[in-house]
Amino acid sequence: DRLEKFLKAAWDYIKQARIELIVLFAALAVDLITKALVAANIPLGGSVAVIPNFLYFTYIHNYAAAFGSRFGLDKLFGETGTTVFFIVLTFVAIGFFAYFMYRNRGKSLVYRLAFALIIGGAIGNLVDRMAFGYVRDFVQIVYFGATIFGSTSFAIFNIADAALCVGVAMFLVYYIFIYKEPKKDESLLTDGGAAENAT
């Protein structure tokens with residue numbers, strides 16, 4: 001009975017959440033496919049100009065977090081410990097966002113798609129960490145020969161990182177421009193006051 005109820009609830013949710021689930025799996029698929037194509041065609045450390053002086057595919061292995069950040073954790077846990085830490089943290093984050101995506105089923109599409117992109121991106125990098133112990137990055141944005149903050153290019157990233165950033169941006173847009181605090185039911189307050197006066 002419990003399994004049957006769970007499967008029914010899961011199916012009902014899938015029918016309700018088709019759009020966000022499609023976006024989630026699309027982000028994951030595009031991320032893993034592009035990583036595989038780059039790894040198969042560009043040697044480690046190699047670079048291919050897509051748009052000269054702006055966009056390059058530069059294949060690297062990233063043992064840190066998104067955009068190469070370690071936050072000093074390698075000094076605290078070591079390289080292997082840092083990888084394990086990021087894997088555990090990603091599982092927790094995926095569970096957290098999946099719960100909120102489920103809780104908000106049927107509500108604002110922007111809100112739900114934000115969660116879908118964040119989860120899809122997180123799973124994409126999680127697959128890499130668990131399979132290889134590192135993340136395959138390759139998208140490099142060059143500042144047309146200029147130097148900004150001491151660097152000539154942005155940190156190398158991948159499609160999963162991009163999905164995460166777009167998801168977070170959509171989440172912020174929702175809360176800043178779309179979300180409205182639910183109004184209190186004034187009739188309940190009036191009824192409550194009337195009842196109080198009657199006593």
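**Aromatic pairs and a strand trio**

Let me start with Phe-115, which counts as buried at 2% relative accessibility; buried means under 20% relative accessible area, exposed over 50%, and partly exposed in between, with a 1.4 Å probe and protein chains only. This is a predicted model, where local features need pLDDT of at least 70, side-chain atom pairs count only at pLDDT 80 or more, and totals for chains, interfaces and linings use all residues. Residues are numbered from 1 along each chain as its sequence is written, and side-chain values use heavy atoms, with hydrogens and water left out.

Now the rings. Rings of Phe, Tyr and Trp (its six-membered ring) pair if their centres lie within 6.5 Å; planes under 30 degrees apart are stacked, over 60 edge-to-face, and the rest tilted. The whole structure has 19 aromatic pairs. In one of them, the centres of Phe-97 and Phe-115 are 5.7 Å apart with planes at 45 degrees, so this pair is tilted. Phe-97 sits in helix 3 (residues 73-103) and Phe-115 in helix 4 (residues 109-132), so the pair ties together parts 18 residues apart in sequence. Helices here are DSSP runs of H or I, at least four residues, and strands are runs of E, at least two, numbered from the N terminus. Phe-97 is partly exposed, at 21%. Both rings belong to one aromatic cluster, whose members also include Tyr-111 and Phe-171.

Next, the strands, which pair if DSSP finds at least two bridges between them. Strand 2 (residues 55-62) runs antiparallel to strand 1 (residues 47-51), with 4 bridges. Strand 2 also pairs with strand 3 (residues 135-141), antiparallel over 6 bridges. Phe-57 is the bridge partner of Val-48 and of Val-139.
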